Amino acid sequence: MSKAFTKESDNGDEDDEVGGLPPLPPGGKNYITPAGYERLRAELLSLMDVERPKVVEAVHWAAKNGDRSENGDYLYGKKRLREIDRRIRFLTKRLEIAEVTDPSVHHGSDQVFFGATVTYADESGEEHTVTILGIDEAESAQRQVSWIAPISRTLLKARVGDALKLVTPGGTQEIEVVEVVYPAPASR
């Protein structure tokens, strides 16, 4: 069967899950900090202006080397080109619907909003610190959580000193907000 008549994926909306990022909740907004927006925008521009042209050039060179069915450079280049194009489509969609929200407007507040770095204590008294960011910018290794994560949903709108119920797969835990910090406003 000709490759022209095969599907690459059964998932018609595959762009929404590129890079392992979850899809946006139905009707939800794509909140993102100014820094997160700039990082995604820089990645998009780099893919379009630097990486994609290099891969296109490599594929063009490999295509001139004869039999394409056994040409590893050509096959790998075409696969990489599809990955780049998929990521470009994903980033373009996400940036188009991004709602840039500057957390520094809440600087000095003790209430938890998007962009806050929150320290909370669990039932055993152990303190944990997380920063609430957008879906596309949060990195769990850096103790960043997306605003749709259960811990974020629990913390949002709480104030320092509030005792909250966090529902986890292991049961309900009581946590207390210890500190709320926002980045300082940029000087103009």
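Arg143 is found in the loop between strand 4 (127-133) and strand 5 (144-146). The model is predicted. In this model, the phi angle of Arg143 is near 60 degrees. That is a positive value, in a residue other than glycine. Arg143 is exposed, because its relative accessible area of 56% lies over the 50% cut-off.

A positive phi also occurs at Lys157. Here the angle is near 75 degrees, and Lys157, too, is a residue other than glycine. Lys157 is found in the loop between helix 3 (150-155) and strand 6 (163-168). The relative accessible area of Lys157 is 59%. Exposed residues are those over 50%, so Lys157 counts as exposed.

Helix packing was examined next. Two packed helices are described by the angle between their axes and the distance between the axes. Helix 1 spans residues 34-63, and helix 2 spans residues 72-96. These two helices pack at an angle of about 155 degrees. Their axes lie 9 Å apart. Angles over 145 degrees count as roughly antiparallel, so helix 1 is roughly antiparallel to helix 2. The crossing of helix 1 and helix 2 is left-handed.

The contact of helix 1 with helix 2 contains nonpolar, polar and charged residues. Of these, 17 are nonpolar. Another 9 are charged, and 2 are polar.

Terms used: Residues numbered from 1 in each chain as written. Predicted model: local features only at pLDDT ≥ 70, side-chain atom pairs only at ≥ 80, totals over all residues. Heavy atoms only, no water. Helix = DSSP H or I, 4+ residues; strand = E, 2+ residues; numbered from the N terminus. Buried < 20%, exposed > 50% of the residue type's maximum accessible area, 1.4 Å probe, protein only. Axes fitted to C-alpha atoms, helices over the stretch in contact; angles between N-to-C directions. Parallel < 35°, antiparallel > 145°, perpendicular 65-115°, else oblique. Left-handed = near helix turned anticlockwise from the far one by under 90°. Nonpolar A, V, L, I, M, F, W, Y, C, P; charged D, E, K, R; others polar.
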